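Please open the model in your viewer and keep the selection panel at hand. The stops below follow one another, and each begins with something to select.

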Amino acid sequence: MNLKARKMVATGDHAAAYGALLANVDVVAAYPITPQTLIVEDFATFVDDGITDAEFIMVESEHSAMSACIGAAAAGSRTFTATSSQGLALMHEMLPIASGLHLPIVMPVVNRTVAAPIGIWCEYNDIMPQRDSGWIIGFIEDNQEVLDMVLMGYKIAEHHDVLLPFMFGLDAFILSHTVEPVEAPSSDEVMKFLPSYKPIASLDPDKPMAIGTFTPPEYIQEERYQTDKCMRNAKRIIKNVTKEFADVFGRNYHGLIEEYKTDDADVILITLGTVTGTARDVVDELRGRGIKAGLVKLRFFRPFPVEEVRMLIERENIKAIGVYDRSVSYGVGGPLYIEVKNSLYGYDLPIINFLAGIGGRDVVKGDVEKMYKILQDVKDGKTRKDIVWINTRGVKE
Amino acid sequence: MYEIRFHGRGGQGGRMAAEALALAAFLEGKYAVSFPFFGAERRGAPVRAFTRIDDKKIRIKTQIYEPDYVVVLDETLIETEDVLEGLKPDGMVIINTQKKPEEVKLSRSVRCATIDATTIALETIGRAITNTAILGAISRATGKIGIDAIEKAIIEKFGARLGKEAGEKNAIAARKAYEKTIVGIAKAGKKFEGKKQWLPTVDELPLGGSIGTLQTEAGLVGIGSFSENKTGGWRVFMPVVDEQRCTGCKICWFYCPEGAIKMVDNKAKINYDYCKGCGICENECPFKAIEMKREVRI
């Protein structure tokens, strides 16, 4: 493979497929589902055009897709798949097998609402239930980050201190079907950053080995501890790989979180996904009006950046924190809100959860402005709220 | 930053046009984003696509509500919806029509460019696909993007999809449209009923959205409510039944995905209010009693 560096105008789905191409994956096993289908279609085209000699396996379901990926990865292949919504739900059973066997599969998940009611638009209720599957879980702001995340994903997942599968969410349609400029490095550059996968053990007919066998209680607890340790190690490796990526390709993603104008902020909003981009514009506008608004982009949900979130709070300038969620854990609040509250146990600081964009409803600038307005009011002691459903008919904000 | 909204019908290539425009802007060194309306698209249904162009990176990820330009690929759409909705006061509309701007009647008087893209497409490409010719008109009417970049983008994008020769023909169509675009002012006077949508509160919405048929201020909702959505307007070709040949076998009735065929006196009768012109009935009729004919609308 000899791909030159190029600039393209590409959908998020194409960026994901092109990332897999550059990562020189050996095996792709996948099943189509809107709005993910373009990823595997585009990759199938690469195979058909002879650009890659990767094996493309057509399967009969997402459950089988993950099963095939697990087999391929266990045999030492660099393995890729992609899914969305109900497809991820169907895959759920196989996910802990991939992590339990420490197989560094990389999988973009195009975040789409899970039925009922049925919809095809963006919501995080597909990826959030995978929280405890042992997969690293990332979120994406734009199409450039999609391509870059595939490359960083393999580097992180395949690190011998990590060896965990890696999924990341990209917003349905808002990224998956939207074209924007994307810079793709050359395959030579990528090869230097991401050499071939070196498994610590792999299936080999000449040296028979059993994996994932029937295991009594004498061993499983230790295995769980190992996996927990791998996930904790991933924090360090994510930071190192992000830095190395910035050195090589010039794009700095700042590790587990990225802060935007937080230095002197008195209120901050923690976001994930594409709302981050819109919130950046809102923060700039608010700053123009003298409001000290700050933004924190959460890049990884697992491992969760507990220490990073705490470090924010250690700064005395911050008086109130807002947490944006695009799905709800019924009766409690958004999953990110739960995590942030958990991270900030013992700190006396108002944390307000904003639920918006559920089911793919557009989160416009006015919605984000509203979040900052509420944070200002909380800071000034005018109101105290926990969970706010933004732009929900018949519900007081 | 400026924003463009494309109005077309599913299958006319509005999305490809919006993406090619983004590519053209990118080729001129600008940052550009394009996306389709996030909805269920079907051939013939009114659809929208969008492009945002700026000198610097575009971070905002919302949909477009107040475009600077509106582009209409299919003239019939200006009759059925207010294409000027949300258009900035000093904005401009670019329409594929044989009329001059002064002959176009819209909901308000507005800067308007017209181009007979259909004729240009038929002459140049041999098909009534207008999504490349219209790009030439956009270049001319807005003055924001060069025709050279438009041509390059068309050759790159359409060439990759349809082959080099087709890509070049499409670029020629854009150039011709660029030369023939007329800029003027459209007149006001067209009335549209405000679009109504049922937007119940949390308390009004039945649990789990489980509804039978509900009469709301925005019309019927739920089972059977599709009767209010006369999808016959999506048609380009209409099925015509030759009653001499129709044996009343009901095969067309069985296959019609819209339930738009009724048997009357043992003959197939098409309900043109709902027939979308898919042509399945023509394909399935064993007696060649149904023929798809180019529809002429007044």
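Begin with chain B, whose domain assignment (bounds that come from an automatic or database domain assignment) gives domain 1 as 2-186 and domain 2 as 230-294. This is a predicted model, in which local features need pLDDT of at least 70 and side-chain atom pairs count only at pLDDT 80 or more, while totals for chains, interfaces and linings use all residues. Residues are numbered from 1 along each chain as its sequence is written, with chains lettered from A and ligands numbered from 1 in the order in which they are written.

Colour the two domains of chain B separately: their centres, taken over C-alpha atoms, are separated by 34 Å. Four residues of domain 1 of chain B are in contact with six residues of domain 2 of chain B, contact meaning that the C-beta atoms, placed from the backbone, lie within 7 Å. The domain 1 side of this contact has one nonpolar, two polar and one charged residues, where Ala, Val, Leu, Ile, Met, Phe, Trp, Tyr, Cys and Pro count as nonpolar, Asp, Glu, Lys and Arg as charged, and the others, Gly among them, as polar.

Next, select residues 133-142 and 164-180 of chain B, which are helix 4 and helix 6; helices (H or I, at least four residues) and strands (E, at least two) are DSSP runs numbered from the N terminus. The axes of these two helices come within 7 Å and cross at roughly 40°, the axes being lines fitted to C-alpha atoms, for helices over the stretch in contact, with angles from 0 to 180 degrees between N-to-C directions. Helix 4 and helix 6 of chain B are therefore oblique to each other, since angles under 35 degrees count as roughly parallel, over 145 as roughly antiparallel, 65 to 115 as roughly perpendicular and the rest as oblique. Among the residues that meet here are B:Leu135 and B:Arg140 in helix 4 of chain B, and B:Ala174 and B:Tyr178 in helix 6 of chain B. By class, the residues of this contact divide into eight nonpolar, two polar and three charged.

Now show both chains: 23 residues from chain B and 25 residues from chain A make up their contact. On the chain B side, strand 2 supplies the largest share, six residues.

Finish in chain A at A:Asp171, found in strand 7 (residues 166-171). A:Asp171 counts as buried because it has 29 C-beta neighbours inside 10 Å, the cut-offs being 20 or more other C-beta atoms within 10 Å for buried, 12 or fewer for exposed, and partly exposed in between.

Note on methods:
Two residues are in contact if their C-beta atoms, placed from the backbone, lie within 7 Å.
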